[in-house]
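Open the model in your viewer and keep the sequence panel beside it. The tour goes stop by stop, with a selection at each.

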Amino acid sequence: GGFVWKFDVGTAAALFESFGSTSYRSFLLGLQAEGVKAPKVHLLRAERNRVWEDAGVAGFVSEIAGGENVQVHTLKDSGHWVHVDNLDGLVEMVAGSLRDV
């Protein structure tokens with residue numbers, strides 16, 4: 001019994017390529033172009049992750065439905081791996097957002 005560790009390089013490469021070529025922003029803008037109201041979007045921003053600068057976040061928010069349905073959440077004490085750095089804060093944030101549904 002037990003588990004055997006396997007790593008399929010081909011599958012990992014395909015997943016990574018798919019990740020790099022998929023854009024949620026393009027999807028939302030496509031909906032707008034078709035006249036479909038953008039769904040509510042929650043953008044999670046890690047406090048210590050500097051990839052998303054303030055100007056970039058503001059641009060994304062205003063571009064998607066004028067920011068009408070976009071809510072930005074900043075998770076304190078977290079970097080790229082938000083679920084590792086601040087799991088309790090992440091769970092609290094998600095639970096709070098789900099209560100609003």
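Is R45 buried or exposed? R45 counts as buried, at 15% relative accessibility. The classes are buried under 20% relative accessible area, exposed over 50%, and partly exposed in between, with a 1.4 Å probe and protein chains only.

Before moving on, note that this is a predicted model: local features need pLDDT of at least 70, side-chain atom pairs count only at pLDDT 80 or more, and totals for chains, interfaces and linings use all residues. Residues are numbered from 1 along each chain as its sequence is written, and side-chain values use heavy atoms, with hydrogens and water left out.

**Stop 1: salt bridges**

The term covers a side-chain nitrogen of Lys or Arg within 4 Å of a carboxyl oxygen of Asp or Glu. D54 is exposed, with a relative accessible area of 55%, whereas R45 is buried. By this rule the model has 4 salt bridges.

Now select R25 and E63. This salt bridge also has an N to O distance of 2.8 Å. R25 sits in helix α2 and E63 in helix α3 (residues 54-63), so the pair links distant parts of the chain, 38 residues apart. Helices (H or I, at least four residues) and strands (E, at least two) are DSSP runs, numbered from the N terminus. R25 is partly exposed at 35% relative accessibility. E63 is partly exposed too, at 32%.

Next, pick R48 and D85. Their side chains form a salt bridge at 3.7 Å, N to O. R48 is in the loop between β1 and α3, and D85 is in helix α4 (residues 82-85), so the pair ties together parts that are 37 residues apart in sequence. R48 is partly exposed at 48% relative accessibility. D85 is partly exposed, with a relative accessible area of 33%.

**Stop 2: the largest pocket**

Select F19, Y24, L43, L44 and W52. Of the 18 residues that line the largest pocket, these are the closest to its centre. A pocket is defined on a 1 Å grid over the protein atoms alone: it is an open set of points where a 1.4 Å probe fits, with protein on both sides within 12 Å along at least five of seven lines, and lining residues have an atom within 4 Å of a point. The space in this pocket is about 630 Å³. Volume here means the space filled by probe spheres set on the points, which are joined across faces, edges and corners.

Colour α2 (24-33) and β1 (41-46). These are the elements that give two or more residues to the lining of the largest pocket. The largest share, 6 residues, comes from β1. By class, this lining has 10 nonpolar, 6 polar and 2 charged residues. Ala, Val, Leu, Ile, Met, Phe, Trp, Tyr, Cys and Pro count as nonpolar, Asp, Glu, Lys and Arg as charged, and the others, Gly among them, as polar.

**Stop 3: the second largest pocket**

Switch to H42, H73, M93, V94 and S97. They are the closest to the centre among the 11 residues that line the second largest pocket. Its volume is about 170 Å³. β1 and α5 (87-99) each supply at least two residues of this lining. α5 gives the most, with 5 residues. The lining divides into 6 nonpolar, 3 polar and 2 charged residues.

**Stop 4: loops**

Where is E34? E34 lies in the loop between α2 and β1. E34 is exposed, with a relative accessible area of 65%. Draw a C-alpha to C-alpha distance from E34 to R48: the two are 14 residues apart in sequence and 36 Å apart in space.

K40 is also in the loop between α2 and β1. K40 is exposed, with a relative accessible area of 54%. Most residues other than glycine have a negative phi.
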